[in-house]
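Dear colleague,

Please find below the structure that I am handing over to you. My notes on what was found in it follow directly after.

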Amino acid sequence: MTIYRMYADNGNRAGFWVQHRTWLNACAQIQSIAGQRNGKLPGFAPLHDNAEVVIRGFDVRSGRPVELGPRLDTPQDHNYTVIAEPGWYRGTAEMPIAAE
């Protein structure tokens, strides 16, 4: 499923967790799409004007930060899967946006 579709399925909200079939022991939290954490995406499905997707990458086992971004090169790829929030994650009420 594409990141854009996952965002829509998540109530047009970022903050969800994903894995890609090519990421070995890595996962990512979607921080923002098109510079927003919630709301309707620009353009039309399925590509949404190729809106930029900002992520934070982590080792899925330990929570150690790993380099996966800060931007996804292929958010339109169908090989992403939503995963449950990892047990090691200690989220806050507001997600920090990854540094540029």
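Strand β1 (residues 17-20) pairs with β5 in the antiparallel sense over four bridges; strands are DSSP runs (E, at least two residues), numbered from the N terminus, and two of them pair if DSSP finds at least two bridges between them. Within this pairing, tryptophan 17 stands opposite isoleucine 83 in β5.

The model is a predicted one, in which local features need pLDDT of at least 70 and side-chain atom pairs count only at pLDDT 80 or more, while totals for chains, interfaces and linings use all residues. Residues are numbered from 1 along each chain as its sequence is written, and side-chain values use heavy atoms, with hydrogens and water left out.

The open sheet has five strands in the order β4-β3-β2-β1-β5, with antiparallel pairing. Its edge strands, β4 (65-66) and β5 (80-83), each pair on one side only.

Tryptophan 17 has a relative accessible area of 2% and is therefore buried (under 20% relative accessible area, with a 1.4 Å probe and protein chains only). Tryptophan 17 and tyrosine 89 form an edge-to-face aromatic pair, 4.9 Å centre to centre with 70 degrees between the planes (ring centres of Phe, Tyr or the six-membered ring of Trp within 6.5 Å; planes over 60 degrees apart for edge-to-face). Because tryptophan 17 lies in strand β1 and tyrosine 89 in the segment after β5, this pair ties together parts that are 72 residues apart in sequence. Ring pairs also link Trp17, Phe58, Trp88 and Tyr89 into a cluster.

Notes. Buried means under 20% relative accessible area, exposed over 50%, partly exposed in between (1.4 Å probe, protein chains only). Rings of Phe, Tyr and Trp (its six-membered ring) pair if their centres lie within 6.5 Å; planes under 30 degrees apart count as stacked, over 60 as edge-to-face and the rest as tilted.
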